[in-house]
Amino acid sequence: MESFTQQNRYGSSSLATASFILGIVSLVMISLGLSVFIGALAVILALLSRGAGRMHTGAVAGMITGIIGICLEVLILAGALLLLPAEQMDEFQEYFQEIYEEYQEPDSSPMASGTCAFPGDNIEFTEWTYHLTEQEFAL
């Protein structure tokens with residue numbers, strides 16, 4: 001008779017099955033560009049299915065197919081970027097450089113605010129700012 005304190009030799013079979021299914025789906029979704037996300041989820045579920053015991057065969061297969069899906073997707077995207085003509089690559093670089101320079105200035109950044117108020121400052125605010133502030137404090 002087995003002892004109740006003995007640990008299970010394997011982890012979760014449901015997570016292993018989900019990992020295996022997502023690994024196969026990641027191979028199918030390579031053409032849509034979703035393989036990286038689905039493959040990463042398959043690998044995570046495979047690792048979570050382990051628990052305190054050994055991995056199920058399905059978890060190992062899910063991990064392997066997820067990693068293969070991720071690698072193939074990265075290789076396909078890298079190959080597609082390398083096959084772009086030099087003119088288009090220069091346009092992409094100029095576009096991203098403009099965006100980078102635009103948000104380098106703190107005044108134009110959407111995360112920066114030009115108005116900072118501290119208690120005791122005598123600053124006139126517009127009506128919408130005052131209304132928004134009252135709503136925030138009402139919560």
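A residue is termed buried when its relative accessible area is under 20%, exposed when over 50%, and partly exposed in between (1.4 Å probe, protein chains only). At 0% relative accessibility, Ser-26 therefore counts as buried. This is a predicted model, in which local features need pLDDT of at least 70 and side-chain atom pairs count only at pLDDT 80 or more, while totals for chains, interfaces and linings use all residues. Residues are numbered from 1 along each chain as its sequence is written, and side-chain values use heavy atoms, with hydrogens and water left out.

**Helix α1**

- Helices here are DSSP runs (H or I, at least four residues), numbered from the N terminus.
- Helix α1 comprises 16 residues, 13–28, and reaches 23 Å from its first C-alpha to its last, close to the expected 22 Å; the expected span is 1.5 Å times one less than the number of residues.
- Its buried residues are Ala-16, Ser-19, Gly-23 and Ser-26.
- Seen down the axis of α1, these buried residues fall within an arc of 85 degrees, so they line one face of the helix; the arc is that of the directions from the helix axis to the C-beta atoms.
- Ser-14 and Val-28 are exposed on the other side of α1.
- The cover over the buried residues of α1 includes α2 and α3.

**Ser-26 in α1**

- Ser-26 is found in helix α1, and its side chain reaches the backbone oxygen of Gly-23 at 2.7 Å.
- Not counting residues up to four places away in sequence, Ser-26 touches Ser-35, Ile-38, Gly-39, Thr-65, Gly-66 and Gly-69, where contact means heavy atoms within 4.5 Å.

**Helix α2**

- The end C-alpha atoms of α2 are 23 Å apart, which agrees with the 22 Å that its 16 residues should span at 1.5 Å a residue.
- The buried residues of α2 are Ser-35, Ile-38, Gly-39, Ala-42, Val-43, Leu-45, Ala-46 and Ser-49.
- Seen down the axis of α2, its buried residues lie within an arc of 165 degrees, so they line one face of the helix.
- These buried residues pack against α1 and α3, whereas Phe-37, Leu-47 and Leu-48 are exposed on the other side of α2.

**Nonpolar core**

- A nonpolar core is a set of buried Ala, Val, Leu, Ile, Met, Phe, Trp, Tyr and Cys residues joined through side-chain atoms within 4.5 Å.
- The largest such core has six residues: Ala-16, Val-43, Ala-46, Met-55, Ala-59 and Met-63.
- Helices α2 (35–50) and α3 (57–82) each supply at least two residues of this core.
- Leaving aside neighbours within four places in sequence, Ala-59 is in contact with Ala-16, Ser-19, Ala-46 and Ser-49.

Conventions
A polar contact is a pair of N or O atoms within 3.5 Å; within protein, one must be able to donate a hydrogen and the other to accept it, and residues adjacent in sequence count only if both atoms are side-chain atoms.
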